[in-house]
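Have a look at it before reading on.

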Amino acid sequence: MLIDDDETINAFCTPGGYIYVYTALLKAVLNEAVLASVLAHEIAHAERRHAMKRMTTHLGVQTVMSIALHNNQGGLTELAANAFTGAGLLMNSRSDENEADEYSFRYIRETDWYPGDLLYFFEVVKGRKGTAVDRFLSTHPLPEDRIENTQKRLASANIAPPTESQLRTREYEVFKRSLNGAKSGG
Ligand SMILES: [Zn+2]
């Protein structure tokens, strides 16, 4: 699901498995392959049930159960979305981040995209300062070892440097222009 917000470079996954992406993130990434790996990272958080584990730890099983029973999935998703965008209650741990990166790498290797593109995303995050990046870091910690681990994965899998067809930078530029066009058109 898309959140129309040009200030927040982020994406997150709720316990219900819904993935939210901010428009600022779509505009910040360099090419389609980077976006694919960021989404794969979020899919991995969903698949590994990271948000649900975190929510149960913080709120207690009973609270989560009662929300699930009385308010159904919608309530759970809303609560998680508030927690994510609010105090950073459900911040992913370093081990969750590493596991999500690992699965993202595996998922993308099955596709035509370059599987090392998380590195490009780290460059974007490192190159920027201010609230947009601070908000990203509030849910996805970015220790240096994430970069190092991605480089190790690329090396041990013998992944060659990317070609344009694996990055799809030109196609992505066209998509970004269409985003801006859609917005000014209402
Ligand atoms: Zn993450």
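Two strands pair if DSSP finds at least two bridges between them, and strands (E, at least two residues) and helices (H or I, at least four) are DSSP runs numbered from the N terminus. This is a predicted model, so local features need pLDDT of at least 70, side-chain atom pairs count only at pLDDT 80 or more, and totals for chains, interfaces and linings use all residues. Residues are numbered from 1 along each chain as its sequence is written.

On to the sheet. Three strands make an open, mixed sheet in the order β1-β3-β2, with β1 (2-3) and β2 as the edge strands, each pairing on one side only. β1 and β3 run parallel and are joined by two bridges; I3 has Y22 in β3 as its bridge partner.

Now the core, meaning buried Ala, Val, Leu, Ile, Met, Phe, Trp, Tyr and Cys residues joined through C-beta atoms within 7 Å. Buried means 20 or more other C-beta atoms within 10 Å, exposed 12 or fewer, partly exposed in between, with C-beta atoms placed from the backbone. The largest such core has 26 residues, and L25, V29, A33, V34, A36 and V38 touch the most other members.

α2 gives the most, with seven residues.

Finally, G17 sits in the loop between β2 and β3 (19-22). G17 counts as partly exposed because 16 other C-beta atoms lie within 10 Å.
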